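The sequence and the structure come first.

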Amino acid sequence: MLGSSHIVLSAIAMTLIVGVRYLITSGLFAWLTDKVRPGLYQGLKPQIGREIRWSLYSAAIYGIPTGIVAWGWQNRGWTQIYTDWNAYPLWYLPISVLLYLFAHDTWFYWTHRWMHVPKWFRIAHAVHHDSRPPTAWAAMSFHPIEALTGAVVIPALVFLIPIHAAMLGFVLFIMTLMGVTNHMGWELFPRWLVQGRLGQGLITASHHQLHHARYTCNYGLYFRFWDRLCGTDKGLGAFQDRKSRPREDASLSDATRSA
Ligand SMILES: [Zn+2]
Ligand SMILES: [Zn+2]
């Protein structure tokens, strides 16, 4: 009895943590956007309201399985999460992070392509593309079906791939950071990174922006690996410059028309 009430408490606590984490990070980057690109989100208030509402539903869908698994880890010895730094060789620490990111990216790429099949797009993915252009608040703006496909990834991986609790925290940090910054409407990372050799393999806002503009390319999450392998990588999108307003940007109005 006690155990089952604790598992419910864990699910509720994790939902609150995910929701508050979303509000803080998206709020922080929305604030930063207002400083760096004043007026970028002008006229988008109704859309931002929808983005926040869908994101908070998603917080529960992400929080419940995560809370259950966290409870099982603490109370039943579930999962391969470890806290002893010597349990595995030190070189495994960065490898485990890369394994998690690559597994997540692979799952995301293929479920994302599946959600672009027209029938499933209308049911599960139109909500996410309703943000035109997306803002920092769109990070978790998903239909519940799409949220569910994203929510199961980390709770499943912790049963399969050993990872130190701190490295898991780092994976969640990257997941949060990229989810917000890829949607905020401008490039956070320096040009040398985005347009240099690293950017050939990594996904940042410039890459995901083109997915939101064209729909039929750039499906990946962290890496351009699957997009390149499957011929769906169409390079980087362009943002409007500092002075012009986003709604006057040609590529963005094209996106709205082609929707
Ligand atoms: Zn997106
Ligand atoms: Zn999509």
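This is a predicted model: local features need pLDDT of at least 70, side-chain atom pairs count only at pLDDT 80 or more; totals for chains, interfaces and linings use all residues.

Residues are numbered from 1 along each chain as its sequence is written, and chains are lettered from A and ligands numbered from 1 in the order in which they are written.

**Overall fold**

The protein contains twelve helices and two strands; helices (H or I, at least four residues) and strands (E, at least two) are DSSP runs, numbered from the N terminus. Along the sequence they follow the pattern α-α-β-α-α-α-α-β-α-α-α-α-α-α. The radius of gyration is 19 Å, close to the 18 Å that the globule rule gives for 259 residues, so the protein is as compact as a globular protein of that length. That radius is taken over C-alpha atoms, and the globule rule is 2.2 Å times the number of residues to the power 0.38. Along the principal axes, the C-alpha atoms fill a box of roughly 55 × 40 × 40 Å.

Of the 259 residues, 35% count as buried. A residue is buried if 20 or more other C-beta atoms lie within 10 Å of its own, exposed if 12 or fewer, and partly exposed in between, with C-beta atoms placed from the backbone. Two residues are in contact if their C-beta atoms, placed in that way, lie within 7 Å. Among contacts between residues at least 6 apart in sequence, 71% join residues at least 24 apart.

**Cores**

A nonpolar core is a set of buried Ala, Val, Leu, Ile, Met, Phe, Trp, Tyr and Cys residues joined through C-beta atoms within 7 Å. The largest one has 31 residues, and Tyr62, Ala136 and Ala139 have the most contacts inside it. Helices H1 (2-36), H2 (45-76), H5 (144-151), H6 (153-160) and H7 (165-181) each supply at least two residues of this core. H2 gives the largest share, seven residues. Leaving aside neighbours within four places in sequence, Tyr62 is in contact with Val18, Ala147 and Ala151. A second, separate core of seven residues includes Tyr109, Ile203, Tyr219 and Tyr222.

Ala124, His125, Val127 and His128 of H4 are buried. Seen down the axis of H4, its buried residues fall within an arc of 130°, so they line one face of the helix; the arc is that of the directions from the helix axis to the C-beta atoms. H2 and H5 are among what covers these residues. On the other side of H4, Pro118, Lys119 and Arg122 are exposed.

Eight of the ten residues of helix H10 (residues 205-214) are buried, so H10 is largely enclosed by the rest of the structure. Among them are His207, His208, His211 and His212. Tyr215, which follows H10, has a positive phi near 70°.

| Span | Helix | Strand | Distance between end C-alpha atoms |
|---|---|---|---|
| residues 52-73 | 100% helix | 0% strand | 30 Å |
| residues 147-174 | 82% helix | 7% strand | 18 Å |
| residues 97-232 | 64% helix | 1% strand | 25 Å |
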